[in-house]
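Dear colleague,

Please find the structure below, handed over for your use. My notes on it follow directly after.

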Amino acid sequence: MEKKMNNKGFSLVELIIVIAIMVILVAVLAPQYLRYVEKSRVSSDVQTTVELINVMQVLAADPDVNLDTSKDYYAEWKTDKVEISTALATELKANGMMDDDAMSNITYQSTAYKDAGVKIELEYGSNKIWTIKTTGVDSSGRIPEKKEP
């Protein structure tokens with residue numbers, strides 16, 4: 001009499017092989033995914049910086065806006081968020097360029113600008129013209145890459 005084997009399911013060896021393949025795939029793909037996430041966070045910070053530069057340029061160029069030369073108009077990156085000076089926030093709100101919730105929505109997202117001391121400010125020049133002064137970023141809103149020695 002012959003014994004019939006009813007082979008349903010997978011053997012332990014087959015399961016271990018599948019798990020090993022999955023571990024290898026995760027080990028290869030995880031660093032790529034993390035780089036992609038960090039790159040998107042940096043891109044978001046760059047976009048926020050460029051938008052603030054553009055808004056401040058529009059504010060400075062608008063002939064209907066009279067900025068007080070004794071006040072500081074700036075946006076500065078702090079450890080956990082972007083800090084907009086009260087004077088700048090007041091002018092942006094008064095001219096319809098920022099709503100009340102905007103300041104709470106502009107939050108720090110990556111390590112890109114954490115140590116760079118990024119600051120954008122409106123500066124009143126001796127020629128009686130408002131200009132944009134940026135610290136820690138180039139004209140495109142990006143942090144200049146550090147050259148390794």
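T90 counts as partly exposed because its relative accessibility is 45%; here buried means under 20% relative accessible area, exposed over 50%, and partly exposed in between, with a 1.4 Å probe and protein chains only. T90 is found in helix 2, where A87, L88, A89, E91 and L92 are buried. Helices (H or I, at least four residues) and strands (E, at least two) are DSSP runs numbered from the N terminus. Just after helix 2, G96 has a positive phi of about 70°.

Please note that this is a predicted model, in which local features need pLDDT of at least 70 and side-chain atom pairs count only at pLDDT 80 or more, while totals for chains, interfaces and linings use all residues. Residues are numbered from 1 along each chain as its sequence is written, and side-chain values use heavy atoms, with hydrogens and water left out.

The sheet is open and consists of four strands in the order 2-1-3-4, with antiparallel pairing; two strands pair if DSSP finds at least two bridges between them. Strand 2 and strand 4 each have a single partner strand, so one side of each is left without a neighbour in the sheet. On average, neighbouring strands are turned by 20° against each other, direction ignored. Axes are lines fitted to C-alpha atoms, for helices over the stretch in contact, and angles run from 0 to 180 degrees between N-to-C directions.

Strand 1 and strand 3 are joined by four bridges in the antiparallel sense, and E76 stands opposite K119 in strand 3. Helix 2 packs on the sheet, where it touches strand 1 and strand 2, and its direction makes about 115° with that of strand 1. Contact means heavy atoms within 4.5 Å. Strand 3 and strand 4 form a hairpin with five residues between them, and K128 in the turn has a positive phi of about 60°. Six bridges join these two antiparallel strands, with L122 opposite I132 in strand 4.

Helix 1 lies across strand 1, strand 2, strand 3 and strand 4, at about 10° to strand 3. Its buried residues are V37, D45, V46, T49, L52, I53, M56 and L59.

Yours sincerely
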